[in-house]
Amino acid sequence: MRRSGIREVFDLASTIPGAIHLEMGEPSFETPAHIRRAAADAADRGFTKYTPNAGIPELREALARKVSARNGIDASPDQIVVTPGGVAALYGTLLALCDPGDEVLISDPAWPNYRMIAALQHLDVRRFPLDPADGMCPRADLIEERMGERSKVLVLNSPGNPTGAVTSASTLRELVDLAVTYGLWIVSDEVYDELVFDGEVAPSAGAHDSHGCVVTVFSFSKTYAMTGWRVGYAVAPPEIAALLTKAQEPITACVNGPAQMGALAALEGPQDCVAEMRAAYRERRDRVVELLTAGGVPHVEPQGAFYVWVDVSSSGLGGVEFARRLLEDFGVAVAPGSAFGSCGEAFVRVSLAAAPGDLYEGVGRLLRAMTEWRCPP
Ligand SMILES: Cc1ncc(COP(=O)(O)O)c(C=O)c1O
């Protein structure tokens, strides 16, 4: 398994004192105080033992209510499995659905961990392109063209990493229809569901699933600035939820109890923290888009998540070389686009999750680098 190109840049940047980190999807916010307090209280009360593999019942019940109210997914608590982060839900779901040699359809570009999971589980990967003409959203005909004999799972991700694209409800409906036609499973990664810049929540593939072929993955990491807590969850048809629960026993057994109590407080407590973070990311998005546009640097304007996909081809450098020189000469770390797939070779990804001071300074330096390196027309 190849490492993630994002982590490679992070490791290199960590050796450069004072480097500005715009390569990671790590929120600049602290976890809200009422969530931290709920977890600390749970630990103080002695809530420190194993929990059921699929998560504590109160949390699964609250999650069933949340996905129904906010995501339009009609699910009972036995369809919810609480996992150590969204990534473990993705890993466990693919393990539950696939046999070695099966094919997984993954967009290009896409978050590197999908192909890493596929490599560890001996699954073959087929990539389908995301086209700027479609707003970097998946298109059923392009997926259909790339399907093979053993295609088993279509991985979707909206709001998308690295592009920030939000797939519309009508496109999701088409993709669910495609999955039904070909007997595919959809694994819909919606860990950025509440980080959208228009409205409050992104449309969900699971809202169109009348055939029980969609597994949706969510997380507390980004919505509540809880990356280190490791709490995510899958919403799946009951038989898949049962398999995922069984698979969790020999891998992680369960998510730690205090973290689950923190997650419960996140769901049941005030939601203004989410609205505030969403507004802050929107403000950063607007400012960065304005800076890039003024500097004549092509980019995809994100509709959600917290990344900007920047085309650096006019520098005359590929994304990997651009990222290396930006770090060495200007002290700014960005993720090279090729980490997300071959379609990303001329791109870098800038994370809006960094604190605004670092973000604007880093983007300013990126623009200076572009001007310095720009090829003469
Ligand atoms: C697209 C996507 N999916 C899933 C995850 C997993 O997040 P976590 O495991 O922290 O829930 C991330 C994290 O960066 C992500 O960007």
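Axes here are lines fitted to C-alpha atoms, for helices over the stretch in contact, with angles running from 0 to 180 degrees between N-to-C directions. This is a predicted model: local features need pLDDT of at least 70, side-chain atom pairs count only at pLDDT 80 or more, and totals for chains, interfaces and linings use all residues. Residues are numbered from 1 along each chain as its sequence is written.

**Helix pair α2 and α9**
- The axes of α2 (residues 33-44) and α9 (residues 257-268) come within 8 Å and cross at roughly 145°. Helices (H or I, at least four residues) and strands (E, at least two) are DSSP runs, numbered from the N terminus.
- From α2, the residues that meet α9 include H34, I35 and R36. Their α9 partners include G257, P258 and M261. Contact means C-beta atoms, placed from the backbone, within 7 Å.
- Eleven nonpolar, three polar and one charged residues make up this contact. Ala, Val, Leu, Ile, Met, Phe, Trp, Tyr, Cys and Pro count as nonpolar, Asp, Glu, Lys and Arg as charged, and the others, Gly among them, as polar.

**Domains**
- Domain 1 covers 5-25 + 272-373, and domain 2 covers 33-268. These bounds come from an automatic or database domain assignment.
- The contact draws 26 residues from domain 1 and 27 residues from domain 2.
- On the domain 1 side, α10 gives the most, with six residues.

**Ligand shell**
- 13 residues surround the ligand, and G85, G86, V87, S219 and S221 are the closest. The cut-off is a C-beta atom, placed from the backbone, within 6 Å of the molecule.
- Helix α4 (residues 85-97) gives the most to this shell, with three residues.
- The shell has three nonpolar, nine polar and one charged residues.

Terms used: Two residues are in contact if their C-beta atoms, placed from the backbone, lie within 7 Å.
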